[in-house]
Amino acid sequence: MGITSFGFSQERVLSKNARISVLTCGNGTELYSSFGHSAFRVWDPVNKTDYVYNYGIFDFNAPNFYLNFVQGRPLFKVSKQEFSRFLFEYQYEKRWVKEQVLDLEASQKIKLYNYLENNIKPENRDYIYDYLYNNCATKIIDVIATSLGNEVDFQKEYLKEKYTFRELMGQKMATNTWGSFGIDLALGSRIDKKATTLEHTFLPDYVFYQIQHSTINGKPLVFQEKTILKERPKVKSINFLGTPMFWFSLLLAIVLFITYIDYKNEMWSKWLDVFLMFITGSAGLVLILLWFTTNHTAAAYNFNLLWAFPFNLILFYLLIAKNKLPLQLCKYCILLLVLLSIIPMVQLFGVQKFHPAFIPILLSLAVRYIFIWHKTKIN
């Protein structure tokens, strides 16, 4: 016997034995899968259907995909696929999968099921992705809240401790990695604010906890929890020689050595300063563009601009184009040193946290700024 609903233009049929679940999947080895995944499962043993509704689908070949991604407007979509095919990927990648069966009445199942079916229509399936506020994990909470309305109560005070967005990302990524370094470079102080309980659900693990601590019409939202794929131990070996801390510590050692030779022999290895000014100036220009010309809201108010200073591109030009540098360069170097000195205070007061690998970068810059100031002053 089926339950029929006419919520949309097309009839939807679901048996009374159908179950709707939230799936939570473990993290993978690639950067895009480092935070795990969430999806819906609708299993109907009577109608012999078992589908997953997945809000984490993107198409590299879609028109203007890369341009939209850079501008902070990547289009993601919801897809419907057989559960067996969905599970195969996680079996292959040796990632765990947990299931929370929702304790829904027949009418509630219909509401949620019809919402998902309507959402996979070509005219509805696309959405603008945001890695903090509108991703595959936050969609789980949004869909439940929208389809079931006030029947669901998402508990907001169950967390013993709340974290900033940056700390939450750090829970899923090793610190001394290029992925972690890139996130701390590109994303500004907005991700250093404490996330609310619901904002924690941009990570799939916290979707799992949130569903676990929510109720529907006064009863627990979860009827049953089970592990579909067990977690398999992963041996993560990080080669220190390939980490940001190694390479930037090596940079600092080179800078100290060359600066000592320059000072002792009254020389000037200008090529080193040309390199540093180009890299820091270019990085600063990219950060400015991310802040002001894209929809990457998390890139705003980025205090990395204190060291990745875009005006260093002007100094880069002067170093390669002028034989004699202007006396004003002495004051400019003092300005750069002042900017560097502000960074520890920004870190200390919790305005923005900086990656540990920035330390050798800042020391390298400070050494060369002092050297350029000295060289300009005596000339």
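Mentor: Let us begin with a term: a residue is called buried when its relative accessible area is under 20%, exposed when that area is over 50%, and partly exposed in between, using a 1.4 Å probe and protein chains only. The model is predicted, so local features need pLDDT of at least 70 and side-chain atom pairs count only at pLDDT 80 or more, while totals for chains, interfaces and linings use all residues. Residues are numbered from 1 along each chain as its sequence is written, and side-chain values use heavy atoms, with hydrogens and water left out.

Trainee: Is Arg95 buried or exposed, and what is its relative accessible area?

Mentor: Arg95 forms a salt bridge with Glu93, with the closest N and O atoms 2.8 Å apart; a salt bridge here is a side-chain nitrogen of Lys or Arg within 4 Å of a carboxyl oxygen of Asp or Glu. Glu93 has 32% relative accessibility and therefore counts as partly exposed. Arg95, by contrast, is buried, and its relative accessible area is 4%.

Trainee: Which residue in the loop between H6 and helix H7 forms a pair with Arg166?

Mentor: Helices are DSSP runs of H or I with at least four residues, and strands are runs of E with at least two, numbered from the N terminus. Arg166 forms a salt bridge with Asp184, the closest N and O atoms being 2.9 Å apart, and this pair links helix H5 (residues 165-170) to helix H6 (residues 178-186). Arg166 also forms a salt bridge in which the closest N and O atoms are 2.7 Å apart, and the partner, which lies in that loop and 26 residues apart from Arg166, is Asp192.

Trainee: How far apart are the end C-alpha atoms of helix H8?

Mentor: The expected span of a helix is 1.5 Å times one less than its number of residues. Helix H8 (residues 244-265) has 22 residues and should therefore span 32 Å. The end C-alpha atoms agree with this, being apart by 31 Å.

Trainee: Which residue in E5 stands opposite Val42?

Mentor: Two strands pair if DSSP finds at least two bridges between them. Strand E4 (residues 37-44) has seven of its eight residues buried, and five bridges join E4 to strand E5 (residues 49-57), the two running antiparallel. In E5, the residue opposite Val42 is Tyr51.
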